[in-house]
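Here is a short report on aromatic rings and their partners. Please look at the sequence and the model first.

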Amino acid sequence: MAHPLQKTMSRARSRRIVLPPVQEHIYKIEEVIEEGDYYGAQQMYKTVGARYLAAEKYSEALDILQSGACTQLKLKQVTCGAELAVLFVETLVKGQFPYDDDTLDRVRKIYKNFPQIPLPLQLGEDDDVQQLSEALGAAKTRVEGCSSFLKAALKWSMEFGSHRNGSPEIHVMLATYIYSESPEVDMAKVSYHFVRGNNPKEFASILVNFMGKCYPGEDDMAIARAVLMYLSLGNLRDANHIIDELKKREESEGLEFPDSELMEFIMYLLLTLQRDALPLFNMLRANYKPSIEREPALNEFLDEIGEKFYGVRRRNPLQGIFGDFLKMMG
């Protein structure tokens, strides 16, 4: 095991390593990219970034990795760009960079370069299966790459920021990208990130869009899940905001608001939670049990809501949101 003095001397030597300005490397790598050698450029970005890291020049390493990620993503080299984006976040952690507006803006700039490509809606006959298969594969690669980057950024924001659940802005980015790019949208996952975000109005717009293209019976479940997720975090304000926003769209855009027992339950629940009315809360759960049991997770959310609003202790405190959060972040 190295002596502390040896470690100090090693760090001092690493800081004395003279490396050229980052921009010189960027120009050289861009020449390689112009020749179409994306893999060669990728290796250069990683090698140069590692040199700056070894010298503990974290800011310079961030510059080269951000440049590489943005450049590769602009060229639709998603696998390469996502790898550099994750390395960018790993460098934030190694350099112990705090979560602040400037660093969040750098994360956002990388995120905005992830391609957004609509899936083909109409295809011919012969080449269609292959074309659709390729489009679905590319979409899956985009979602996985962007998710890896933003989930890493969420973990960094939890460690070096003040938000217990991670950056609200990053949650919104992740939810939006998953919804827009996933071939088969998992609204539970989209909702999970939106309710930890800070843009309920955008979430309402996503729900309206989903309601316009989902299967019958999925619209009320998507709304109920969103509301209950907010409430399970103790966020009555945004739960009401979602319903208010959807009601506005119903009036202004002719949106057909779902008419079901589950929606009836949600409306009564929102009114009940504004009062100290635990018996009424329990009565609602009993009366609307068949509708609630359409999805097992709804009862989980209601257990958490009972704890948040009325102090009803859960039987297993390790279940529910915390466990789900770890699964989602894994």
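## Charges over rings

A charge sits over a ring if NZ of Lys or CZ of Arg is within 6 Å of the ring centre and within 35 degrees of the ring normal. K247 lies over the face of F257, 4.2 Å from the ring centre. The charged end of R196 sits over the ring of Y192, at 3.8 Å from its centre.

## Basis of the model

The model is predicted: local features need pLDDT of at least 70, side-chain atom pairs count only at pLDDT 80 or more, and totals for chains, interfaces and linings use all residues. Residues are numbered from 1 along each chain as its sequence is written, and side-chain values use heavy atoms, with hydrogens and water left out.

## Aromatic pairs

Rings of Phe, Tyr and Trp (its six-membered ring) pair if their centres lie within 6.5 Å; planes under 30 degrees apart count as stacked, over 60 as edge-to-face and the rest as tilted. The structure holds nine aromatic pairs. One of them, F114 with F149, is stacked, at 6.0 Å centre to centre and 20° between the planes. This pair links distant parts of the chain, 35 residues apart: F114 is in the loop between α6 (101-112) and α7 (128-160), F149 in helix α7. Helices are DSSP runs (H or I, at least four residues), numbered from the N terminus.

Buried means under 20% relative accessible area, exposed over 50%, partly exposed in between (1.4 Å probe, protein chains only). F114 is buried at 2%, and F149 is buried at 0%.

## Ring cluster

Ring pairs join Y111, F114, F149 and Y177 into a cluster.

Technical notes: Helices (H or I, at least four residues) and strands (E, at least two) are DSSP runs, numbered from the N terminus.
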